[in-house]
Amino acid sequence: MTWALRDLKANRGIWAGVFIVLAVTQTLLCAMSVSMGVNSYYQGLSVKTRDPAKSLASALSLVFLTVIVLGCLVIKQTLQASIRQRRQGLALLSLLGATPKQILLLTLLQVIILVLPASLVAVALSPALAGRILDWYSAGMGMPVRFAFTWRGFPRSASTGLAVGLATAVLATIRTLRDLGKMTPVRVVRRAEESESIDRPRHGRGLVSLFLGLALLLLPLPVFAYLSHSGSGPLDPKQVQAVISAVGSGPLFAILLLLIALARAGGPVIGRATQLWTALVPSSSAVWRIARSQAVVRSRDTTFGSTVIALTACMFLVGGLLAAGGTSTVAMNKVPGIANATSGGTLELLYGFWAALLVALVGVIAGFAIAARDRDLDLALLSIAGAKPQQLTAISTLDGTIVMTTGIIIAAGGTGLIGLSTAMVYWPLIHSLSVVFPWQFFLICGLPIIVVGSLATMLTARPALRRSPIAILQGAIGE
């Protein structure tokens, strides 16, 4: 207990990032649980509110589930980033005789200590947030009645949300330290060997998920090709609809498999994409060249790249669903005998995934805060080399801009692949490729995300700019 509290105090900057993720996840889970509790109350209140409440329940349940999944992923990746920053201390504990189980219990204790104030924040904010969430969904879904917040069942609903949040944090912590427990103290200290030993077997499983996702996405293609060439007369629209119904949620599962492939690839994907697109920017500015080189090197690190992967995966999930739905709708309307096919738009999908996007974005900001120590050292070296404060501020801002832009580019590229694959499925039927790309979604969400990332890296670097570069170097070497 004493060591856990001392480590929280000594590394308060690192643990602050973990606390931010825990607080946001706990608050959203508690607020959504309270919203579902209020909705359940109205569902049994009267006949007038029963049917609208049932429709609202499915939307609230989807948001609750996505927060659990993304919360677990983001907490895990944030803890990985914090462990990377504290790996020397953990290695020292191992050398002093601490077993992997003891290190796991200490880290679990630290997470639980942080969950307690995060739960207080969640309980304080959930009544106001639950009312706003119910109003937003009621207005957006065109409900004939509005569901006002009520305190009925609040303790039970809030306790359920907090319990789920605690279980999510504990599960993420256990999964984070599972690989660490298999490593020797020397390998914990050595960053390169650490990354290689953990991630090499994961790339193979990522490729399997990639090929399975593409195969599932193109599954209707041979069926449509057979139907278009087997009959002499016009194609029966009922056969086309039967194939689409049989496939069902195939595109969704295909996108999820591609997300697994992306998550397993981690930092190397971010690093390679950063290197490729930044090389195409025709700028001779010294500030840009330094920011680019730092972003490329930093994004190759598995832990840092993984903090951006969660946001990239969430953007790809929504964009892929929009591309698959829009492309299928356009193609289906071109099939003779089928008309008025529709799909959900950007706002409809954002109703289901806004909380997941928020958790992922907060995870990236927390990752920037945790990695601030490494950036502080880089800025100190640049300051000693003669860089001016304005140049250092610009480099810090570009750091977030480059990494966030890389995530958006990867998500957009994956979305385009989904749209193209969906269009290829309908090629035997309509003999044309009509790809629908959700530009509106990437403009609505992509640009604000880039701005937030740029501000995050700039603000986390400001304390270092006020300090002496020599003091930062002395702190880095332990003096």
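## Cavities in the predicted model

A cavity is a set of grid points where a 1.4 Å probe fits among the protein atoms but cannot get out. The structure described here is a predicted model. When the whole structure is searched, two cavities of 30 Å³ or more are found. The largest cavity holds about 40 Å³ of space, and the second largest cavity holds about 30 Å³.

## The largest cavity

Which residues line the largest cavity? The lining is made up of Val-308, Leu-311, Thr-312, Met-315, Met-404, Gly-407, Ile-408, Ala-411 and Ile-449. Two elements, α14 (302-334) and α17 (389-425), each give two or more residues to this lining. Sorted by class, the lining of the largest cavity contains seven nonpolar residues, two polar residues and no charged residues.

One of the lining residues, Ala-411, has its place in helix α17. Is Ala-411 buried or exposed? Ala-411 has a relative accessibility of 0%, and it is therefore counted as buried, since buried means under 20% relative accessible area. Leaving out residues up to four places away in sequence, Ala-411 touches Thr-312, Met-315, Phe-316 and Phe-442. Among these contacts of Ala-411, Thr-312 and Met-315 also belong to the lining of the largest cavity. A separation between C-alpha atoms can also be given: those of Ala-411 and Leu-262 are 9.9 Å from one another, although the two residues are 149 residues apart along the chain.

## The second largest cavity

The second largest cavity is lined by Gln-294, Arg-298, Arg-375, Leu-379, Ile-395, Ser-396 and Asp-399. Three elements, namely α13 (286-299), α16 (372-384) and α17, each supply two or more residues to this lining. Which element gives the most to the lining of the second largest cavity? That element is α17, with three residues. By class, the lining of the second largest cavity consists of two nonpolar, two polar and three charged residues. In the lining of the largest cavity, by contrast, there are no charged residues.

## Nonpolar cores

The largest nonpolar core has 90 residues, and within it Leu-22 and Met-315 touch the most other members. Helix α2 (residues 12-43) makes the greatest contribution to this core, with 15 residues. Apart from this core lies another, which has 11 residues, including Val-287, Ile-395, Ile-402 and Ala-461.

With which residues is Leu-22 in contact, leaving aside its neighbours within four places in sequence? They are Ile-75, Val-111, Leu-114, Val-115, Ala-118 and Ala-169. Met-315, for its part, is a member of the largest nonpolar core and also lines the largest cavity. Ile-395 is a member of the core of 11 residues and also lines the second largest cavity.

Where does Ser-434 lie? Ser-434 is found in the loop between α18 (427-430) and α19 (439-466). Its relative accessibility is 17%, so Ser-434 counts as buried, because the limit for buried is under 20%. When residues up to four places away in sequence are not counted, Ser-434 touches Thr-327, Val-330, Lys-334 and Ala-423.

A search of the whole structure finds zero disulfides.

Methods
Residues are numbered from 1 along each chain as its sequence is written. This is a predicted model: local features need pLDDT of at least 70, side-chain atom pairs count only at pLDDT 80 or more; totals for chains, interfaces and linings use all residues. Side-chain values use heavy atoms; hydrogens and water are left out. On a 1 Å grid over the protein atoms alone, a cavity is a set of points where a 1.4 Å probe fits but cannot get out, and a pocket is an open set with protein on both sides within 12 Å along at least five of seven lines; lining residues have an atom within 4 Å of a point. Grid points are joined across faces, edges and corners, and a volume is the space filled by probe spheres set on the points. Helices (H or I, at least four residues) and strands (E, at least two) are DSSP runs, numbered from the N terminus. Ala, Val, Leu, Ile, Met, Phe, Trp, Tyr, Cys and Pro count as nonpolar, Asp, Glu, Lys and Arg as charged, and the others, Gly among them, as polar. A disulfide is a pair of cysteine sulfur atoms within 2.5 Å. Buried means under 20% relative accessible area, exposed over 50%, partly exposed in between (1.4 Å probe, protein chains only). Contact means heavy atoms within 4.5 Å. A nonpolar core is a set of buried Ala, Val, Leu, Ile, Met, Phe, Trp, Tyr and Cys residues joined through side-chain atoms within 4.5 Å.
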